[in-house]
Amino acid sequence: ILLVHGGGSGVGTAAIQVATALGATVATTAGSSEKLERCAELGASILINYREQNFAEVIREATGGHGADVILDIM
């Protein structure tokens, strides 16, 4: 699992596409449903609205407690 913080940004959208092309499962955070919809179109499968959800809890639940293998935080 790759977790991309800021999936709606230029770097974030590129990371989602590259990781998906390489076969990775991608989780991403964004601050609006519109940005998350775009991330899904680019290949992200775990979508987290950081304004409404705790990303750590969502990742933990989605991975059965394993968590993310790699985190890209572009901030």
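**Entry 1, ground rules.** I am reading a predicted model, in which local features need pLDDT of at least 70 and side-chain atom pairs count only at pLDDT 80 or more, while totals for chains, interfaces and linings use all residues. Residues are numbered from 1 along each chain as its sequence is written, and side-chain values use heavy atoms, with hydrogens and water left out.

**Entry 2, the sheet.** I looked up the strand order and found an open sheet of four strands, β3-β2-β1-β4, with parallel pairing. β3 and β4 stand at the edges with a single partner strand each, so one side of each has no neighbour in the sheet. Neighbouring strands are turned by 15° against each other on average, direction ignored; the axes here are lines fitted to C-alpha atoms. Strands are DSSP runs of E with at least two residues, helices are runs of H or I with at least four, and both are numbered from the N terminus. Two strands pair if DSSP finds at least two bridges between them.

I checked residues 26-30, which form β2, and five of its five residues are buried, meaning under 20% relative accessible area with a 1.4 Å probe and protein chains only. Val26, Thr28 and Ala30 point one way from the strand, and Ala27 and Thr29 point the other way.

**Entry 4, partners of β2.** β1 (residues 2-5) pairs with β2 in the parallel sense over four bridges. There I found Leu2 opposite Val26 and Val4 opposite Thr28. β3 (residues 46-49) also pairs with β2 in the parallel sense over four bridges, and Ile46 is the bridge partner of Ala27.

I traced β1, helix α1 (residues 10-21) and β2 as a right-handed β-α-β unit. β2, helix α2 (residues 33-42) and β3 make a right-handed unit as well. Right-handed means that, with the strands pointing away from the viewer, the path from the first strand over the helix to the second runs clockwise.

Val11, Ile74 and Met75 make a nonpolar surface patch of about 320 Å². Patch residues have over 30% relative accessible area and no salt bridge, and nonpolar side chains are joined within 5 Å. I placed Ile74 in the segment after β4 (70-73). Ile74 is partly exposed, at a relative accessible area of 31%; partly exposed lies between the buried limit of 20% and the exposed limit of 50%.

Conventions
Patch = residues over 30% accessible without salt bridge, like charges linked within 9 Å, V, L, I, M, F, W, Y side chains within 5 Å. Areas by Shrake-Rupley, 256 points an atom, 1.4 Å probe, with all protein chains shown as cover. Salt bridge = Lys/Arg side-chain N within 4 Å of Asp/Glu carboxyl O. Axes fitted to C-alpha atoms, helices over the stretch in contact; angles between N-to-C directions.
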